[in-house]
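I opened this model to look up its fold, its core and a few side chains. My notes follow in the order I took them.

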Amino acid sequence: LSAVESIVIRNETTGAVIKLNYAPKSDDTVFVDIKNRRVFSSVSGNLINNLSADTFLGDFVLVRGINHLTVDVGDVTSDFTMDCRYNNLYAEAVIV
């Protein structure tokens, strides 16, 4: 597939990559929900089957400190933004 037909999200800090074989449409929002193992588009719906064969959502983690994330959408010329939201997946308890 050419670069035009894919979205590549890369954590430059860890080397983890998510590749989605999908070209965003006009006014499209693509969501990659790692925790819930969902990938979907506001225009095209479920995109989980568009993940590349070498993409494993569980491998895409953020490490302590600064993580440098990049996104590549090939030759798409419209404006795009990337928003990353992080939630701790642990609970802390003190036993007295």
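I started with contacts (heavy atoms within 4.5 Å). Of the contacts in the chain with a separation of 6 or more, 45% are between residues 24 or more positions apart.

A note on the source: this is a predicted model, where local features need pLDDT of at least 70, side-chain atom pairs count only at pLDDT 80 or more, and totals for chains, interfaces and linings use all residues. Residues are numbered from 1 along each chain as its sequence is written, and side-chain values use heavy atoms, with hydrogens and water left out.

**Elements.** I listed helices (DSSP runs of H or I, at least four residues) and strands (E, at least two), numbered from the N terminus. The chain has six strands and zero helices.

**Sheet.** I took strands as paired if DSSP finds at least two bridges between them. S3, S4 and S5 form an open sheet in the order S3-S4-S5, with antiparallel pairing. Its edge strands are S3 (30-33) and S5 (45-46), each pairing on one side only. I found four bridges between S3 and S4 (residues 38-41). Asp-33 stands opposite Arg-38 in S4.

**Burial.** I used under 20% relative accessible area for buried, over 50% for exposed and partly exposed in between (1.4 Å probe, protein chains only). Buried residues are 21% of the 96 in the chain.

**Core.** A nonpolar core here is a set of buried Ala, Val, Leu, Ile, Met, Phe, Trp, Tyr and Cys residues joined through side-chain atoms within 4.5 Å. The largest has twelve residues, including Ile-7, Ile-18, Tyr-22, Leu-47 and Phe-60. Strands S1 (7-11) and S2 (17-20) each supply at least two residues of this core. I then checked Tyr-22: beyond four places in sequence, its contacts include Ile-7, Val-30, Ser-41 and Leu-47.

**Asn-11.** Is Asn-11 buried or exposed? Asn-11 is buried, at 0% relative accessible area. Asn-11 lies in strand S1. Its side chain reaches the backbone oxygen of Val-61 at 3.2 Å. Leaving aside neighbours within four places in sequence, Asn-11 also touches Ala-16, Phe-60 and His-68, among others.

**Rings.** I paired rings of Phe, Tyr and Trp (its six-membered ring) with centres within 6.5 Å; planes under 30 degrees apart count as stacked, over 60 as edge-to-face and the rest as tilted. The count is one aromatic pair. Phe-31 and Phe-40 have ring centres 4.8 Å apart and planes at 20°, so the pair is stacked. Phe-31 is partly exposed at 36% relative accessible area. Phe-40 is partly exposed at 23%.

Methods:
Polar contact = N/O pair within 3.5 Å; in protein donor to acceptor, adjacent residues only side chain to side chain.
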